[in-house]
Each structure stands twice: as C-alpha cells, then as structure tokens.
Amino acid sequence: MTTGTIETRPRLRPEVLVPTVLLHVGALFALLPSNFSWSAVGVAFVLHCITIGLGISLGFHRLASHRSLKVPRWLEYFFILCGTLAGQGAVLGWVGYHRLHHMHVDQDLDPHDSTKGFWWSHIAWLMHEVPHRENRPKYTRDVNDDRFYRFCHDYYIHLQVALGVLLYFMGGMPWVVWGIFARLFVGFHATCFVNSACHMVGYRSHDTADQSTNCWWVALLTFGEGWHNNHHAIEYSARYGWNWWEIDMVWYVIWALKKVGLATNVKARRTTAKMS
Ligand SMILES: [Zn+2]
Ligand SMILES: [Zn+2]
C-alpha cells in the first residue's frame with residue numbers, strides 16, 4: 001500500500017532490492033585473482049572520479065538539485081550523463097529525494113531520516129516505500145520535461161549495460177568486473193555514507209537544526225560531499241569545504257570552470273551561523 005502518510009512498516013521494494021543484491025554479488029567477483037589487472041583497477045578509478053565526482057557531486061547534487069551554479073546546457077547534460085552512469089537510480093528520483101531530504105531533514109518526511117538509525121539512512125530506505133514517493137515529481141518540476149533528463153531517467157540501466165559492453169570489448173571480464181561492479185559498489189556506498197555517517201559521526205562547524213556532520217573520510221571518497229554540515233548550513237553554496245583541511249575537489253573543478261568562463265552564477269558563501 002502506498003500513501004502519503006507515514007507508515008510504521010513501509011513496503012519493501014523488490015525492484016530495488018534485487019538489483020542491489022546483484023550489484024553486491026557482482027562486486028565479489030573482483031576478489032577472484034583471474035579478474036584482477038592493474039588496467040582494470042585504473043579504469044574503475046577513472047570512472048569513479050568521473051561518475052561520482054563530476055556526475056553525482058557536481059551534476060546531480062550541486063548543479064541539478066541545488067542550482068548552485070550555471071553551466072552551458074551541453075556541459076550540464078554531460079555531467080548528468082556522468083551521474084547517470086554512477087548507477088544510483090534515475091536522475092529525477094535522485095534529485096527529488098534529495099530536495100525532500102533538505103526540506104524535512106532528520107524528520108519523519110525525510111526519505112532517509114537519520115534518526116531511524118544507520119542502516120535505514122545508509123541503504124534500507126532505498127529498499128522501501130518512503131514518505132512522499134508518489135509526490136516526488138512535484139519537487140522536480142524544473143527538469144521533469146527536459147528531454148535529456150528524461151532520456152537519462154528512462155534509460156539509466158540501458159546506459160550502464162552499454163558501458164559494460166564497451167568495457168568488455170576493450171578489456172574483457174576484468175574491466176567489466178572492476179569498471180562496472182566494483183566501481184558501482186564503492187561509489188554507491190560512498191554516496192550512502194553522506195546520508196548515514198555524515199549525520200552521525202564527525203564534527204559540526206555549524207549549529208544547524210539537524211544532525212549533519214563533517215566527515216573527512218566521506219569527503220575523500222566523494223570528492224567533497226563529506227563536508228555535509230557545512231552544506232546543510234548553507235545549502236545553496238557550491239562550495240562545501242571552508243577550512244584549509246576541508247579538501248573539496250569538486251569545488252576546485254567549479255572554481256576552474258568559473259575561471260575559464262564555463263561556470264557562471266556560482267554561489268559560494270560561508271554561513272556565519274557557527275557553533276557556540
Ligand atoms: Zn544537498
Ligand atoms: Zn543531509
């Protein structure tokens with residue numbers, strides 16, 4: 001049963017659970033020595049940087065979800081394609097759920113409310129019906145009718161399969177196992193840690209009304225997303241790392257894009273609402 005109200009026992013979504021289990025099983029094949037090669041690891045690393053750094057962090061999050069900057073349409077579409085190849089669900093769902101997270105952070109209507117525990121906020125919420133699921137299109141009205149967003153949304157699995165076939169012909173099974181399964185596994189959990197660990201462990205620079213934290217190891221895995229308390233403090237800012245140790249690789253990319261004239265309207269403001 002799907003309703004707009006909070007359910008005590010949300011319905012399981014096998015259509016998400018089964019592919020997620022298959023992804024994890026596929027990643028285990030990376031442990032077989034016959035699937036190892038340094039070129040396969042290199043391909044996985046490069047694809048992780050492109051799909052998580054440029055795709056999820058820059059494209060899905062700072063650009064599409066928060067509109068923290070503007071880039072030419074062709075470049076926006078490139079970033080959205082990169083994020084689509086991160087295999088974290090279809091773009092409109094990703095953006096819609098993330099906007100809902102910010103609207104209701106750490107409350108009942110937050111899709112991955114961290115007060116429900118680590119497991120729920122990390123991965124279990126994805127496997128269940130969550131509040132507002134049927135209303136999600138209302139929160140992505142600005143991109144719902146964009147033909148390229150729609151294409152990426154509708155064909156994100158096809159695009160991943162096409163990438164897998166390409167990798168197979170270029171480097172055989174090791175490139176598929178590492179470049180698809182192991183890479184998706186690492187990128188998936190790296191992003192999930194933003195929803196779980198970055199609402200539980202780390203330090204808080206800002207006295208926000210939620211439980212968000214800054215967590216250095218999540219920031220390293222996600223190219224800057226781990227400075228999550230800074231992000232919740234001033235969510236429209238394209239810059240998340242503010243202290244010298246808060247390495248924010250995606251911000252450096254945005255800064256470079258701005259320098260060469262490809263990024264405009266870049267919002268980058270530090271909040272003054274510090275911890276007392
Ligand atoms: Zn956000
Ligand atoms: Zn959050």
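Visitor: At roughly what angle do the axes of helix 1 (residues 14-28) and helix 8 cross?

Guide: This is a predicted model, in which local features need pLDDT of at least 70, side-chain atom pairs count only at pLDDT 80 or more, and totals for chains, interfaces and linings use all residues. Residues are numbered from 1 along each chain as its sequence is written, while chains are lettered from A and ligands numbered from 1 in the order in which they are written. Helices (H or I, at least four residues) and strands (E, at least two) are DSSP runs numbered from the N terminus, and axes are lines fitted to C-alpha atoms, for helices over the stretch in contact, with angles running from 0 to 180 degrees between N-to-C directions. The axes of helix 1 and helix 8 come within 8 Å, and they cross at roughly 120°.

Visitor: Which residues of helix 8 make the contact with helix 1?

Guide: Two residues are in contact if their C-beta atoms, placed from the backbone, lie within 7 Å. From helix 1 come Leu 23, His 24, Gly 26 and Ala 27, and from helix 8 come Phe 181, Ala 182, Leu 184 and Phe 185.

Visitor: Within what arc do the buried residues of helix 11 fall?

Guide: A residue is buried if 20 or more other C-beta atoms lie within 10 Å of its own, exposed if 12 or fewer, and partly exposed in between, with C-beta atoms placed from the backbone. In helix 11 (residues 249-259), the buried residues are Val 250, Trp 251 and Ile 254. They line one face of the helix, because their directions from the helix axis to the C-beta atoms fall within an arc of 100°.

Visitor: Against which helix do these buried residues of helix 11 pack?

Guide: The face of helix 11 turned away from its buried side carries the exposed residues Ala 256 and Lys 259. The buried residues, by contrast, pack against helix 2 (38-65).

Visitor: Is Phe 223 buried or exposed?

Guide: Phe 223, found in the loop between helix 9 and helix 10 (228-233), has a positive phi of about 65° although it is not a glycine. Because Phe 223 has 24 C-beta neighbours inside 10 Å, it counts as buried.
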